[in-house]
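Me: I am new to this structure. Please take a close look at one part of it with me.
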Amino acid sequence: MATLEICIIGIDSIRPSSSTPIQLKTFNLSLLDQLAPATYIPVLLFYTTSDLTTAAGRTLQLKKSLSETLTRFYPFAGRIKDNFSINCNDDGAGFTEAQVSCFLSDILKAPDHEVLKQLLPINCESFIEGRGCVLHVQANYFKCGGIGLGICLSHKIADAATLSTFLRSWANTASGISEKVCPIFNAASMTPPRDISMTPPTLENLNKIRDDKSVTKRYVFNGSKMTALKAKAPSLSVKQATKVEIVAALIWKCAMKASRTNFGSSSRLSALYQNVNIRNRTVPPLPNDSVGNFVGSFIATAEDTEAELHGLVSELRKGIEEFCKKANRLPLSEDISVICEPQMEAMRMLTSDDMDLYACTSWCRFPLYEAADFGWGKPVWMSSCIPPAKNMVFLMDTKGGDGIESWVRLSQEDMKLFECDQELLAYASLNPSITY
């Protein structure tokens, strides 16, 4: 199913239920927001339905609750003005209704990355799209009555934690839960915007790493296999690896092995770039509901000819520990080198022909399934889409929370070897069906 038949049945702009006060009409981006790329964070949420509410009724529920939620998240109803601010003009979030000519089960029996992208409201892979509307939503209605919500939120004001906070607030409003989730807009006070010489990745730089011929595949590590995998990696430096460490290390090892085989070099330099939620790692720590790009990163390297799993886990642990030491040294408002330096080094590595850099994004430990109950129950499945560049890895918790789902994007040549790696397949299932 490479192409879906999707009929757009409605396009609207959802404005806040209350006008944004004039003193809040200009929302200043933080320095970390300025450094974020002008792209979108996509998420897809899939629901089965067992009641008699019509698609029109659910659309009305979604629109009304989104309008109320945008009053609290008022910048999300605005327009990105430039790399300094958002114009909070209440023009609204984009909202599209679509009818999909297949059953939800057709999507979930073997999720296809290329198919999933078609359920998003915009082309989230476009570096041009991310320069206007802050929030786009698409409600996809399947023939069986199931629903797929595609949401794209601008990376200029949001990271995965912000997305989780927004979803929880919107879903609580939709389902009638009295607890209101109130965002905290403290990013610009923590890291004030600057007329910076280090600009966010430009269109030219991003296009340099674009690879439309690379291949994206889904691997799932379930709970029992996670236990076995963790038991394989203890070392003197890391007694107990985290889920993310062990899965990222295994994917990195197998991808590295594939690349080195194809290059005919057992000593080809390899590195992994890992994002880090810094809210609880800064001075002072930040509330979880802080809105903005509170994301740091570190780079782990592997130079050994024989890269063992426990050694890669140790490199990842060393990377996060060194990052935390630096992040705790000074307030971010005084020193953002801990954020900027890995980003600059990663851009250099990404464009180098002499090494491989794998970029890993993890949404693990964000309570996304719990956050996204709009009154129809939790999603039966949720996912995201990853950028059109090779050597990308995306991780998130399985619905039960004890395993990890991954999307891995590699060159065609590397993927041919990676997908046959017996060490990987001993712990991961290739694109299993979603059961619900």
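Which residue has a side chain joined to that of histidine 136 by a polar contact of 3.4 Å?

Reply: It is tyrosine 40: a polar contact of 3.4 Å links the two side chains (a pair of N or O atoms within 3.5 Å; within protein, one must be able to donate a hydrogen and the other to accept it, and residues adjacent in sequence count only if both atoms are side-chain atoms). The model is predicted, so local features need pLDDT of at least 70 and side-chain atom pairs pLDDT 80 or more, while totals for chains, interfaces and linings use all residues. Residues are numbered from 1 along each chain as its sequence is written, and side-chain values use heavy atoms, without hydrogens and water.

Histidine 136 lies in strand S7, residues 135–141 (strands are DSSP runs of E, at least two residues, and helices runs of H or I, at least four, numbered from the N terminus). Histidine 136 is buried, at 16% relative accessible area (buried is under 20%, exposed over 50%, partly exposed in between, with a 1.4 Å probe and protein chains only). Beyond four places in sequence, histidine 136 contacts Tyr40, Gly94, Pro121, Ile122, Gly150, Ile151 and Cys152 (heavy atoms within 4.5 Å).

Now take cysteine 124. It sits in the loop between helix H4 (113–117) and S7. Cysteine 124 is also buried, with a relative accessible area of 12%. Cysteine 124 touches Pro42, Cys152 and Cys385, leaving out residues up to four places away. Proline 287 is 163 residues from cysteine 124 in sequence, and their C-alpha atoms are 28 Å apart.

Next, the helices. The axes of H2 (residues 55–72) and H5 (residues 160–175) come within 8 Å and cross at roughly 125°. That makes H2 oblique to H5 (under 35 degrees is roughly parallel, over 145 roughly antiparallel, 65 to 115 roughly perpendicular, the rest oblique). Axes are lines fitted to C-alpha atoms, for helices over the stretch in contact, with angles from 0 to 180 degrees between N-to-C directions. On the H2 side, Gln61, Leu62, Ser65, Leu66, Glu68, Thr69 and Arg72 make the contact. H5 brings Phe166, Ser169, Trp170, Thr173 and Ala174.

H9 (residues 243–263) and H10 (residues 309–327) have axes that come within 9 Å and cross at roughly 120°. H9 is therefore oblique to H10. H9 residues in this contact include Trp252, Lys253 and Met256. Among those of H10 are Leu309, Leu312 and Arg317.
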